[in-house]
Amino acid sequence: MTDATERTVTSRWLNRDRVSVLLIGLGCVALLLGGSLLYPGFLKPGYILQQLQIAAFLGIIATGAMLVILLGEIDLSVPWTITGTAIVVISASGSSNPLVASLAIPLGLCLGIAVGLLNAIGVAVFRVPAMVWTLAVNAMLLGAAVFYTGNSRPNGEVPWLATQAATGRTFGIPNAFLVWLVVAAITVWVLKRTVYGNYLYALGNSRRAVFLAGARVRLVMVATFVLAGVFSSFGAILLLGYTNQAYQGMGDPYLMPVISAVVIGGTSIQGGRGNYIGTFAGAIFITLLSSILSVMQMPPAAREMIFGAIILVMLLVHGLTNKKEGV
């Protein structure tokens with residue numbers, strides 16, 4: 001591929017990213033207007049701020065999922081990474097040992113790091129397909145949680161910092177949304193301005209080419225899966241502060257919405273293409289859609305079908321577009 005051709009392809013993808021963000025923005029407006037017909041308070045500032053607060057939990061978790069998808073892989077261990085983190089944090093915070101209680105949040109993040117490392121070992125070192133390996137890790141986490149809790153809710157306290165970050169407000173704006181904005185700004189900078197970001201996109205496009213260029217492919221993959229685990233745990237800690245409880249299956253409702261937010265935001269499931277602004281907007285779109293489905297009293301199974309349909313449609317759109325452009 002010549003430099004001119006590469007610039008043309010890059011420009012084409014940038015234009016597509018802009019169009020995707022614009023369409024999602026219009027979709028969010030349409031959902032707000034449609035929701036107002038079902039629930040008059042849908043357009044009130046208080047309700048919109050609440051939706052942004054809820055979207056922050058999804059968006060932070062989706063940040064890690066997007067990094068893995070940019071790599072051309074997928075992480076299916078998200079549900080029980082969330083649940084496991086919540087159980088660890090609430091159990092440690094309620095410990096009679098002051099040192100353990102004070103380290104509750106760091107211990108929760110350490111679980112995310114451990115899960116990320118375990119996923120990276122399987123995918124990057126042993127080269128097991130990510131879908132199979134991360135699903136197996138998710139099952140292991142499920143078993144460990146059931147074994148630890150005895151199939152009951154863990155006893156403990158939610159750390160004050162988690163509650164404040166999740167439910168507190170600064171100048172009327174939810175702290176969770178402000179935290180998400182910081183995460184978003186750092187993520188955009190990392191993807192656009194760092195060597196790691198360049199390698200991430202390059203690996204998603206052609207892993208062999210990056211390897212032949214002398215890059216440390218495995219190190220980038222390990223870092224990506226670890227970051228995904230950290231973001232899942234970080235989102236879980238905020239979610240724990242919001243719900244004020246940890247329970248089994250706490251993360252189950254998040255897998256499909258997280259993937260939907262990333263894919264609907266324009267990130268290619270095959271890797272190498274995507275913009276975090278799209279994921280940011282996608283998380284808000286999915287949150288508003290979930291809110292409308294909740295107002296309509298749509299059962300959870302139907303919601304999963306809708307999220308699955310969204311992913312399938314976006315996969316078809318990406319596939320047809322790539323075929324048309326010869327990418």
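A polar contact is a pair of N or O atoms within 3.5 Å; within protein, one must be able to donate a hydrogen and the other to accept it, and residues adjacent in sequence count only if both atoms are side-chain atoms. In this predicted model, local features need pLDDT of at least 70 and side-chain atom pairs count only at pLDDT 80 or more, while totals for chains, interfaces and linings use all residues. Residues are numbered from 1 along each chain as its sequence is written, and side-chain values use heavy atoms, with hydrogens and water left out.

The side chain of Ser-93 reaches the backbone oxygen of Glu-157 at 3.1 Å. Ser-93 lies in helix α3 (residues 78–93), where helices are DSSP runs of H or I with at least four residues, numbered from the N terminus. Beyond its neighbours within four places in sequence, Ser-93 is in contact (heavy atoms within 4.5 Å) with Ala-101, Ala-104, Glu-157, Val-158 and Pro-159.

The table gives relative accessible areas, where buried means under 20%, exposed over 50% and partly exposed in between (1.4 Å probe, protein chains only).

| Residue | Relative accessible area | Class |
|---|---|---|
| Ser-93 | 12% | buried |
| Cys-28 | 10% | buried |
| Cys-110 | 43% | partly exposed |

With a disulfide defined as a pair of cysteine sulfur atoms within 2.5 Å, the count comes to zero.

Helix α5 (residues 104–125) and helix α6 (residues 130–149) pack at an angle of about 145°, with their axes 9 Å apart; axes are lines fitted to C-alpha atoms over the stretch in contact, and angles run from 0 to 180 degrees between N-to-C directions. Among the residues making this contact are Val-115 and Leu-118 of α5 and Trp-133 and Leu-141 of α6.

Note on methods: Helix = DSSP H or I, 4+ residues; strand = E, 2+ residues; numbered from the N terminus.
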